[in-house]
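Here is a friendly walk through one protein chain. Please keep the picture open beside the text and look for each part as it comes up.

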Amino acid sequence: MRDTLLIALYAFLGAAATGLVGAGVLRLIRRRSLTVSLAVVAAVTVVAMLAGTMAVAQAMFLSSHDLRVVTTVVAMAAVVSLVTALLLGRWVVARSRELTDAARHFGDGGAFAAPAAPGTAELDALSRELAATSARLAASRERERALETSRRELVAWISHDLRTPLAGLRAMSEALEDGVATDPDRYFKQIRTEVERLDGMVGDLFELSRIHAGTLPLSPARISVYDLVGDALAGVGPLAREHGVRLVGDRVEPVPVEVDGKEMSRVLANLLVNAIRRTPADGTVAVAAERAPEGVVLSVSDGCGGIPEADLPRVFDTGWRGTDARTPPAGAGLGLAIVRGIVEAHHGRASVRNVPGGCRFEVTLPTAEA
């Protein structure tokens, strides 16, 4: 028993001494390449085994012949083990370099393509993470391009929409100033109308800027969607009669929600005004409010004839106004962007889809807690 303990002690001391030296070497070369580190790890492993075996052989006082045999066997095993470890290490390093090249291409703005050759489990996991990151960055770049396009379109459209009424205001004011206006009262009325329209446009821009900045002030209160829809229908009633459009709101459930009544009234008003203006005379605009697993779904369905499928993803973008046939020339393309911003500020979701004869805008809001 005592001899066995001594053998174990000698083997441990020989291997431990080699391990400590190897740890020191690894610390010194920690900034070197992976190839060097793997070579040192392989060498330390083999030399530790060799040192432990030789220490035990020396302590057992073997004959010179037996000592040569043990030394030869251990040395050959050490050489084979070291060469095998270095070859495997070069394979790992090669996969690492391929992954580095793929990541470099990904960093230059391209899509990440994982190396075709199989790698270790860790390198495969890293490849999957880089592929997922590449997909997220590609989606982010696409959103950034879409936002930049939307901003450019918004600036162009706002500039156009401002230039026309400002030119008219200047012409009418000059006519009044020079005393050549044949009907001053009509000019004053028209000036007031244009100023109110410009004021509404500036108000929409200010509201949209607060939404984008996340500073939209909300005062949530418990309210029934029945009352919310009823007030909205009453507010757009005169416009509907002017356009000869029927308003239908007989599918509204009295479901409580926790919302800012003023802002949500603006959401419904924007949706209803758009629906009325885009529905032909004798058409119908239907409003509904129903419970759903995800909350309360408020919907406005019109008879506009539908939105092209290619335009559906852009309907709520800032500045989007669709085709000329669907859009009044006075629109600045801010109403639906404001709708989405207000709904999302209430932790809801706004969407649109085509239905037979028109389209259906849906606003999903969380129900009020009991």
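The report below goes through helices, strands, a ring pair and charged pairs in turn.

## Before you start

Keep in mind that this is a predicted model. Every value quoted here was computed from that model.

Let's begin with helix α5, which covers residues 184–213. How far apart are the end C-alpha atoms of α5? They are 43 Å apart. With 30 residues at 1.5 Å a residue, the helix should span 44 Å, so the two values agree.

Just after α5 comes Gly214, with a positive phi of about 75 degrees. Gly214 belongs to the loop between α5 and β1, a strand at residues 221–224. Is Gly214 buried or exposed? Its relative accessibility is 65%, so Gly214 counts as exposed, the cut-off being over 50%.

## Helix α8 and its cover

Next, find helix α8, residues 335–345. Its buried residues are Leu336, Ala337, Ile338, Val339, Gly341, Ile342 and Val343.

Gly214 and Gly341 are 127 residues apart along the chain, and 9.3 Å separates their C-alpha atoms. Just after α8, His347 takes a positive phi of about 65 degrees.

Now turn to strand β7. How many of its eight residues are buried? The count is eight of eight, and the strand is described as mostly covered.

Strand β7 pairs with β5 (residues 295–301) in the antiparallel sense, over six bridges. In this pairing, Val300 stands opposite Phe361 of β7. Strand β6 also runs antiparallel to β7, and seven bridges join the two. Here Ala350 stands opposite Val363 in β7, while Arg353 has Arg360 of β7 as its bridge partner.

β6 and β7 form a hairpin with two residues between the strands. In that hairpin, Gly357 takes a positive phi near 90 degrees.

## One pair of rings

A pair of aromatic rings is described by the distance of the centres and the angle of the planes. This structure holds one such pair. The rings of Phe316 and Phe361 have their centres 6.0 Å apart and their planes at 85 degrees, so the pair is edge-to-face. The cut-off for that label is an angle over 60 degrees.

## Charged pairs

Side chains of opposite charge can pair when their charged atoms come close. How many salt bridges does the structure hold? There are nine salt bridges, and three of them are described here.

Glu362 takes part in two of these. Its side chain meets that of Arg353 in a salt bridge of 3.1 Å, N to O, and that of Arg360 in a salt bridge of 2.7 Å, N to O. With a relative accessible area of 15%, Glu362 is buried. Arg360 is buried too, at 13%, whereas Arg353 is partly exposed, at 39%.

Salt bridges that share partners also build a network from Glu207, Arg210 and Arg266. Within it, the side chains of Glu207 and Arg210 meet in a salt bridge of 2.9 Å, N to O. Both residues lie in helix α5, three residues apart, which is about one turn of the helix. Arg210, at 21%, counts as partly exposed, because the cut-off for buried is under 20%.

Technical notes:
Residues are numbered from 1 along each chain as its sequence is written. This is a predicted model: local features need pLDDT of at least 70, side-chain atom pairs count only at pLDDT 80 or more; totals for chains, interfaces and linings use all residues. Side-chain values use heavy atoms; hydrogens and water are left out. A salt bridge is a side-chain nitrogen of Lys or Arg within 4 Å of a carboxyl oxygen of Asp or Glu. Helices (H or I, at least four residues) and strands (E, at least two) are DSSP runs, numbered from the N terminus. Buried means under 20% relative accessible area, exposed over 50%, partly exposed in between (1.4 Å probe, protein chains only). Two strands pair if DSSP finds at least two bridges between them. Rings of Phe, Tyr and Trp (its six-membered ring) pair if their centres lie within 6.5 Å; planes under 30 degrees apart count as stacked, over 60 as edge-to-face and the rest as tilted. The expected span of a helix is 1.5 Å times one less than its number of residues.
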